Amino acid sequence: MWEYSDKVKEHFLNPQNAGEMEDANAVGEVGSMACGDALKLMLKVDENGKIQEAKFQTFGCASAIASASALTEMLKGKTIEEAEKITNQDIVDYLGGLPKEKMHCSVLGRQALEHALADYRGQPVKEQEGEIVCECFGVTDLEIERAIRENNLSTVEEVTNYTKAGGGCEGCHDTIREIIARVRSEKKRVTRPKLSNIQKIRMIEETIEREIRPSLQNDGGDIELVDVIGNRVLVATRGACATCRASELTLKNFVEQKLRELVWPELVVEEVTE
Amino acid sequence: MRTIYLDNNATTQVSPEVLEAMLPYFNEYYGNPSSAHTFGGQVAAKLRKAREQVADLLGARPEEIIFTSCGSESDNTAILSALRTEKEKRHIVTSRVEHPAVRSLCHYLEKQGYKVTEIPVDREGRLDMDQYRVSLTRDTALVTLMWANNETGVIFPVEEAARMAKERKILFHTDAVQAVGKIPIDLSNSAIDMLSISGHKLHAPKGIGVLYVRTGTRFSPFLIGGHQERGRRGGTENTAGIIGLGKACEMAAENMEKENTRVKALRDKLETGILSLVPNTRVNGAGAERLPNTSNISFEFVEGEAILLLMDEHGICASSGSACTSGSLQPSHVLRAMGVPFTMAHGSIRFSLSIYNTEEEIDFVLEKVPPIIEKLRSYSPFWKPEGQACASGT
Ligand code: FES
């Protein structure tokens with residue numbers, strides 16, 4: 001069974017604002033039975049653009065019910081402009097956190113809100129553009145890209161937690177991996193011109209920790225960052241890598257390439273011997 | 001708050017009698033059954049007795065019983081042994097609704113280059129015997145089919161399937177983890193070559209299992225170590241566990257008829273009660289032959305995890321075939337294989353009873369469950385209060 005925060009439990013056991021609203025003037029419906037969760041958000045917005053009342057109906061698990069309940073509570077009394085700014089992370093924070101496998105419930109809330117606001121403005125709901133990547137759950141590449149950007153996701157598992165994409169037959173995992181790589185490399189392009197020395201060192205450290213060390217450790221080796229001088233990254237090898245004759249190759253082909261790809265294209269990795 | 005435990009296909013309570021039989025073997029008689037001295041020897045004698053008790057329940061011979069650590073180990077051992085002894089054959093036949101102990105291994109073996117055929121089931125969860133028949137080829141090394149399904153309780157005609165395999169000289173294994181102790185099993189005159197048991201499904205503790213291997217079946221051990229289990233499974237025996245399982249098997253053999261009638265009556269009461277009190281429900285596999293203790297009920301337009309958690313508030317334990325409880329996002333592979341529509345599959349709950357459940361408990365469940373479903377349906381966008389479900393959700 002999932003570990004839920006007290007706030008989630010409270011909103012699940014006694015959901016606020018559940019049920020139908022007859023005179024709603026903003027309605028957003030997302031999800032489907034096939035996906036296992038669906039949410040209908042109904043709002044009554046007054047002439048000043050303030051949300052007077054918010055109600056929901058949902059088909060879903062405890063987190064879906066709690067997320068919907070939380071969202072309606074958050075919306076009451078807000079103006080349309082304020083409501084617009086609510087993100088899925090705000091819903092999660094309001095609830096004191098959600099299990100990582102259930103993040104998609106908060107995303108569902110955000111999506112329903114978008115639909116409801118579009119409905120209020122009389123705009124057509126932006127049709128889900130993009131191409132379906134995950135057939136099992138009907139998730140498009142654009143949705144996946146957005147989840148990656150907004151929540152800084154880096155693994156297929158995280159994408160599944162937030163969007164459900166990849167949670168079924170797993171046939172779309174390769175495509176999701178490609179999208180992650182693409183979005184993350186875009187991000188780097190934006191930040192590169194502004195990369196200060198401190199940032200560079202931090203990113204190198206992070207990249208070693210996250211992307212490089214686990215693979216090396218898998219083979220019984222390890223690496224340590226000794227210093228960064230300009231674009232020279234000085235490292236020491238440990239464990240199996242230190243005695244391995246192919247370690248130079250590993251440094252050039254794997255470590256350096258990773259760092260160039262994820263941090264700065266001109267980095268050069270050098271091994272220091274103590 | 002009292003606990004009403006209706007999740008006995010997940011695990012069962014250790015019977016007081018079983019516990020009592022085991023206790024002295026933790027401290028008083030702690031000898032190693034392999035030792036030459038009398039102190040160890042007396043434990044060895046108890047193990048022999050337990051082996052007989054297990055064999056008796058199965059209609060097997062004591063030397064056909066191999067003690068393992070669990071049902072999964074038994075399944076894995078059987079499948080891998082078959083492939084090692086039938087080296088030239090590369091094909092495995094199984095079903096779409098197997099337990100992960102079999103299913104995941106088959107998927108793994110498929111990646112290793114074996115060909116795996118998963119026989120489909122019909123809407124009631126019955127094995128497609130025509131497909132089964134044509135799936136057996138000269139290249140088939142092994143058939144592995146569960147005796148009874150853990151989620152729905154649907155029973156497969158394993159004896160018939162085993163005979164068909166035998167005619168073609170194909171090894172036959174059955175995962176009987178859910179069946180043993182609940183329905184009569186007699187291997188004395190059977191075509192089944194190997195069969196798996198798990199202790200904690202029949203009121204013995206966790207951590208003890210059995211693999212039955214018919215005399216004359218070629219066998220290759222999975223766990224290689226000492227000469228325990230006549231070299232077929234190395235490792236010092238889980239003596240207390242084995243003794244407990246022996247006792248549990250003896251009790252199951254004695255009580256099966258009487259208890260099963262009682263458990264089945266309770267199950268049926270629960271089932272008919274829910275069906276009559278809650279609209280838009282269905283029992284999955286109801287049209288097939290089923291275990292007497294299992295009921296898998298789908299509640300249309302509500303989601304399983306939410307039901308489970310609300311039942312838990314009243315101390316009622318069951319489990320769900322819905323996606324949200326399993327960590328995966330798709331509803332159970334068993335219900336999907338049966339073609340249970342999504343509107344139903346997401347809201348399915350498995351109630352599984354044991355000899356320790358009482359009529360009063362069932363009454364309590366029948367009192368608590370209908371309002372839970374009503375409450376959840378009142379939030380559901382697909383549910384219309386008049387009882388007419390809206391079709392847009394499907
Ligand atoms: S296509 Fe994405 S999980 Fe099946």
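Predicted model: local features only at pLDDT ≥ 70, side-chain atom pairs only at ≥ 80, totals over all residues.
1. A salt bridge, as the word is used here, is a side-chain nitrogen of Lys or Arg within 4 Å of a carboxyl oxygen of Asp or Glu.

2. If you wonder about the unit, the size of an interface is often given as the accessible area lost when the parts come together.

3. How many salt bridges does the whole structure have? Over all chains, the search turns up 42. As a reminder, side chains of opposite charge can pair when their charged atoms come close.

4. In chain A, have a look at E145(A) and R182(A), whose side chains form a salt bridge with 2.3 Å from N to O. E145(A) belongs to helix α6 (residues 141–151) and R182(A) to helix α8 (residues 173–191), so this pair ties together parts of chain A that are 37 residues apart in sequence. Are the two partners buried or exposed? E145(A) is buried, at 12% relative accessibility, while R182(A) is partly exposed, with 39%.

5. Also in chain A, you will find a network of salt bridges linking R110(A), E114(A), R146(A) and E150(A).

6. R133(B) is partly exposed at 36% relative accessibility, and D130(B) is exposed at 53%. Another chain B pair is K368(B) with E367(B), at 3.4 Å from N to O; K368(B) comes out as partly exposed, with 21% relative accessibility.

7. The structure has five cavities of 30 Å³ or more, and the largest cavity holds about 280 Å³. Which residues lie nearest its centre? They are G181(B), K182(B), L202(B), H203(B) and I355(B), out of a lining of 22 residues. By type, that lining splits into 10 nonpolar, nine polar and three charged residues.

8. S198(B) is part of strand β7 (residues 194–198) and is buried, at 3% relative accessible area. Beyond its neighbours within four places in sequence, S198(B) is in contact with G71(B), V177(B), I208(B) and G209(B).

9. The other one is M22(B), in helix α1 (residues 16–22) of chain B. Its relative accessibility is 5%, which is under the 20% cut-off, so M22(B) counts as buried. Leaving out residues up to four places away in sequence, M22(B) touches P205(B), A240(B), G241(B) and G244(B). If you want a sense of scale, M22(B) and H173(B) are 30 Å apart in space, C-alpha to C-alpha, and 151 residues apart in sequence.

Definitions and conventions:
Residues numbered from 1 in each chain as written. Chains lettered and ligands numbered in written order. Heavy atoms only, no water. 1 Å grid on protein atoms, 1.4 Å probe; cavity = no way out; pocket = protein on both sides within 12 Å on 5 of 7 lines; lining within 4 Å. Points joined across faces, edges and corners; volume = space filled by probe spheres on them. Nonpolar A, V, L, I, M, F, W, Y, C, P; charged D, E, K, R; others polar. Helix = DSSP H or I, 4+ residues; strand = E, 2+ residues; numbered from the N terminus. Buried < 20%, exposed > 50% of the residue type's maximum accessible area, 1.4 Å probe, protein only. Contact = heavy atoms within 4.5 Å.
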